[in-house]
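Take a look at the chain below.

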Amino acid sequence: MFNPLVVVLAYDGLCTFEFGIAVEVFGLPRPEMGENWYQFAVAGLDSGAMRATGGIHVVADGGLELLPQAGTIIIPGWKGSDVPVPAHLVDALRQAHQQGARLLSICSGVFVLAATGLLSGRRATTHWRYSDTLKMQYPDINIEPDVLYIDEGTMLTSAGSAAGIDLGLHLIRRDYGSKA
């Protein structure tokens, strides 16, 4: 059985829609799905209340110490293709992946995954507006700009924000079957 704990990353400047997708798909209680449905937590990159787009504040369940416990980690967009990914986040994601966690990005969250080096030599996608920038910054990643999502086993990427919904449903089908 896979690890059902889904941890979504939150940070100051959080992309609200992508975060909401992760919450809606994996974070809502689904008693009709039985006791083995996903568990959900929010890991804060920053301490305290973090500002999200639209004036929303998010308070996380914990910090990056939650990542090694996760079966799936979701990166819901990123602050921008030109915003460096903190080294301690890169290290925490690498360690969690090495311990078996799947890493899933929505839209510009792929820049966080790319910074880990774990996408090197793999296929990935992102929103069309970021495809050329991603290709320039990370030429060792095989960018496929014309798909909704890519499943590389333990590394999953989606194109635009709404494609994150499709990727989330794909993962549910993979974990629980098409009936779910």
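This is a predicted model: local features need pLDDT of at least 70, side-chain atom pairs count only at pLDDT 80 or more; totals for chains, interfaces and linings use all residues.

Start with the overall picture. The C-alpha trace spans about 45 × 40 × 30 Å along its principal axes. The chain has five helices and 10 strands. Both are DSSP runs, numbered from the N terminus: helices are H or I with at least four residues, strands are E with at least two.

Next, the packing. Contact means heavy atoms within 4.5 Å. Of the contacts in the chain with a separation of 6 or more, 64% come from residues 24 or more positions apart. Of the 180 residues, 49% count as buried. Buried means under 20% relative accessible area, exposed over 50%, and partly exposed in between, with a 1.4 Å probe and protein chains only.

Now the surface and the charges. The chain exposes about 8,300 Å², by the Shrake-Rupley method with a 1.4 Å probe. Carbon and sulfur atoms supply 52% of that area. There are 12 positive and 18 negative charges, and their mean positions are 3 Å apart. Lys and Arg count as positive, Asp and Glu as negative; His and the chain ends are not counted. Each charge is placed at NZ of Lys, CZ of Arg, CG of Asp or CD of Glu.

How many disulfides are there? The count is zero. A disulfide needs a pair of cysteine sulfur atoms within 2.5 Å. The cysteine sulfur closest to that of Cys15 is in Cys107, 7.3 Å away, so the two are too far apart for a bond. Cys15 counts as buried because its relative accessibility is 16%. Cys107 is buried too, at 6%.

Finally, where is Pro86? Pro86 sits in the loop between strand 5 (72-76) and helix 2 (87-98). With 24% relative accessibility, Pro86 counts as partly exposed. Leaving out residues up to four places away in sequence, Pro86 touches Leu45 and Trp78. Pro86 and Leu45 are 41 residues apart in sequence, but 9.1 Å apart in space, C-alpha to C-alpha.

Notes: Residues are numbered from 1 along each chain as its sequence is written. Side-chain values use heavy atoms; hydrogens and water are left out.
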